[in-house]
Amino acid sequence: MTDRPRARISSRKQPKQVRSTELVSAILSAAAQVLAKEGAQRFTTARVAEKAGVSVGSLYQYFPNKAAILFRLQSDEWRQTSDLLRRILEDTKTSPLDRLRSLVHAFIRSECEEAAMRVALNDAAPLYRDAPEAHEARSSGDSILQQFMREALPGIDEATRILAADLITTTLSAMGKQLSESPQTAQEIEAYGDAVADMFCAYLESLKRP
């Protein structure tokens, strides 16, 4: 038995002119609105094209199918997360533990503020999560966190640092998913952030003890 071929998730072409860039921007903006309102199950290229005010043919010039649009939305979200990681974790004027605490709060706030989109993207993940492009898109954030761990845990063996980074990533992802599935007050978001940051900081401190 052979595996069913995966849907193509790469964009057909990259916009080079202002008009093309504006068209792709309109499609992605419409796609985000359709996804947040309708969810992954009712997300279609026809709905996106209608919302964007363009023909389906124009949409297909840049995105071969709905999986490609959803992957673009997800990869943009991953890139924003990587930028958040870089901005906070590479600020060497701040101590590593303070940076980690800031990252936890910023990440949880971001997940809750865009809850509808996050939930829908999680539902759509089976369409693209195993594709090579998805693994490549996620790798940037992983490398930033690994570099931070080398600074935060000097003298600790590489395997332990990798495990610590994986634990933090997995815990944040799971918590972000859970919190985004129901409304949270500002006080609840702050409390969750404090609790998770305390846990991570205590864990890193314990790793540095003889």
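Modeller: What follows covers a helix pair, then a core.

This is a predicted model, where local features need pLDDT of at least 70, side-chain atom pairs count only at pLDDT 80 or more, and totals for chains, interfaces and linings use all residues. Residues are numbered from 1 along each chain as its sequence is written, and side-chain values use heavy atoms, leaving out hydrogens and water.

Start with helix α8 (residues 158–180) and helix α9 (residues 186–208): their axes come within 12 Å and cross at roughly 170°. Helices here are DSSP runs (H or I, at least four residues), numbered from the N terminus. Axes are lines fitted to C-alpha atoms over the stretch in contact, with angles from 0 to 180 degrees between N-to-C directions. That crossing makes α8 roughly antiparallel to α9 (over 145 degrees).

Contact means heavy atoms within 4.5 Å. On the α8 side, the contact residues include Leu-163, Leu-167 and Met-175; on the α9 side, they include Tyr-192, Val-196 and Phe-200. The contact divides into 14 nonpolar residues, two polar and no charged. Ala, Val, Leu, Ile, Met, Phe, Trp, Tyr, Cys and Pro count as nonpolar, Asp, Glu, Lys and Arg as charged, and the others, Gly among them, as polar.

Ile-108 touches residues of this pair: among them are Met-175, Tyr-192 and Val-196. Ile-108 is also a buried residue of α5 (under 20% relative accessible area, 1.4 Å probe, protein chains only).

Now the core. A nonpolar core is a set of buried Ala, Val, Leu, Ile, Met, Phe, Trp, Tyr and Cys residues joined through side-chain atoms within 4.5 Å. The largest one has 30 residues, and Leu-89, Ile-108 and Met-149 touch the most other members. Elements giving two or more residues include α5, α8 and α9. The largest share, seven residues, comes from α5.

How values were computed: Parallel < 35°, antiparallel > 145°, perpendicular 65-115°, else oblique. Buried < 20%, exposed > 50% of the residue type's maximum accessible area, 1.4 Å probe, protein only. Lists of a residue's contacts leave out its neighbours within four places in sequence.
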